[in-house]
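Let's take a tour of a protein together. Have the sequence and the 3D view open, and follow along as we go.

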Amino acid sequence: MTPVPELQTLSLGLYDLVFYALVAAGFALFAYFVYTWKTTSEIAPKYRPAVLADLLIGGVAMLSYAVLALKWDTGYDLVGNVYQPNAQARFALAPRYIDWTVTVPLLTAEFLAVTTVVGAKARSLRFTTMAAAFLMIITGYFGSQVVSQGRSTTGLVVWGIISTLFYVYLYVALIGALRSSMPELPPAAATSLRNAAIVLLGTFGVYPLVYAIPVFVDVTPAWLAGIQLTYSAADVLAKVGFGILVHKVAKLRTAADVEAGLTPHPEPVFISQVQVAAAVLPPTDGAAAAAEARRAAADGRVPSRA
């Protein structure tokens, strides 16, 4: 039987290429984590749950890639001109599923936090989508890693189909939230939300394609490298690319609320160095009293006193 994907003997070039991708993805996630943390104040409190989800996703994924890089470094021994796997190499893919078990449900929560779905409907949708995302990952893990060490074609197909059912639910639920939100959003925010949905659901579709490789062909060293490179690129796109778009939606919605007088914001809102809303400070007690006095004078009545 062909060895499981992680236990392939690799050439120097393939080994180095995967290590490069793992470290680069980890650095990208670290940079995005810092960016999100430092720009939290640009978002109105109403939309900060999206930023909190962003920070959790970036932090978990960053740590996951640190583990992946460490396992890749220690999981192979240089013997002559090739890298041969040792006992540590078996853990060269599993940390990804641990990462996804946490981050994929959070991605759905991040998306919903900037839609117009609110109240009981929002709570219900958030619960069902996060649960479906978790089940999508854990069932894929059973097929890829648990059943016959991922070498059972039947196991891959059965668990892959089950995982896909949860993906279909996510697709329907998130597209439904998008369609109901777009008419209520400013045009620029609606466009960015649509693009975020395309990135998220599009990258979700990459993972089952890679998962299905062992169903059709035996995994070779080149396929192992391809799996690692594809997963790394998809992770950066799904987390960083998607997160930047959601961050933009949150800023645009913040700007729209400030301009409409619905919420104060202590600093101007900028997007791509363009100011989209001026700073609006919350009224102080003195300012509120003066405003009340002006209204009372205009109405010909005595202003109220505390």
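Is helix H3 largely enclosed by the rest of the structure or left open, and why? H3 is largely enclosed, because 16 of its 19 residues are buried. Here, buried means under 20% relative accessible area, exposed means over 50%, and partly exposed is in between, with a 1.4 Å probe and protein chains only.

Before going further, a word on what you're looking at. This is a predicted model, where local features need pLDDT of at least 70 and side-chain atom pairs count only at pLDDT 80 or more, while totals for chains, interfaces and linings use all residues. Residues are numbered from 1 along each chain as its sequence is written, and side-chain values use heavy atoms, with hydrogens and water left out.

pLDDT is the predictor's confidence in each residue, from 0 to 100. The protein chain averages 85, and 84% of the residues score at least 70. Where pLDDT is low, the predicted coordinates should not be read in detail.

**The overall build**

The protein chain has ten helices and five strands. These are DSSP runs, numbered from the N terminus: helices (H or I) have at least four residues and strands (E) at least two. Of the 306 residues, 44% count as buried. The accessible surface comes to about 14,800 Å², and 68% of that belongs to carbon and sulfur atoms. Those areas come from the Shrake-Rupley method with a 1.4 Å probe; for residues, only the protein chains shown count as cover.

Contact means heavy atoms within 4.5 Å. Among contacts between residues at least 6 apart in sequence, 73% join residues at least 24 apart.

The expected span below is 1.5 Å times one less than the number of residues.

| Helix | Length | First to last C-alpha | Expected span |
|---|---|---|---|
| H3 | 19 residues | 28 Å | 27 Å |
| H4 | 28 residues | 39 Å | 40 Å |
| H9 | 39 residues | 56 Å | 57 Å |

Two of these helices have a bend to look for. H3 bends by about 35° at tryptophan 100, and H9 has a kink of about 25° centred on leucine 237. The bend at a residue is the angle between axes fitted to the seven residues ending there and the seven starting there. Just after H9, glycine 261 takes a positive phi of about 75°.

A nonpolar core is a set of buried Ala, Val, Leu, Ile, Met, Phe, Trp, Tyr and Cys residues joined through side-chain atoms within 4.5 Å. The largest one has 55 residues, and Phe111, Phe204, Tyr231 and Phe242 have the most contacts inside it. H9 gives the largest share of this core, ten residues. A second, separate core of 18 residues includes Tyr15, Tyr32, Tyr65 and Trp72.

Leaving aside neighbours within four places in sequence, phenylalanine 242 is in contact with Leu107, Glu110, Phe111, Ala196, Val199, Leu200 and Leu237.

**Around H4**

The buried residues of H4 pack against H3, H5, H6 and H7. Among the buried residues of H4 are Met136, Thr139, Gly140 and Ser144.

Beyond residues up to four places away, tyrosine 211 touches several partners, including Gly140, Gly143, Ser144, Trp159 and Tyr231. The C-alpha atoms of tyrosine 211 and serine 144 are separated by 7.0 Å, though these residues are 67 apart along the chain.

**Out at the surface**

Is lysine 46 buried or exposed? Lysine 46 counts as exposed, because its relative accessibility is 55%. You'll find lysine 46 in the loop between H1 and H2. Lysine 46 touches Arg253 and Asp257, again not counting residues up to four places away in sequence. Lysine 46 and alanine 250 are 204 residues apart in sequence, yet 9.1 Å apart in space, C-alpha to C-alpha.
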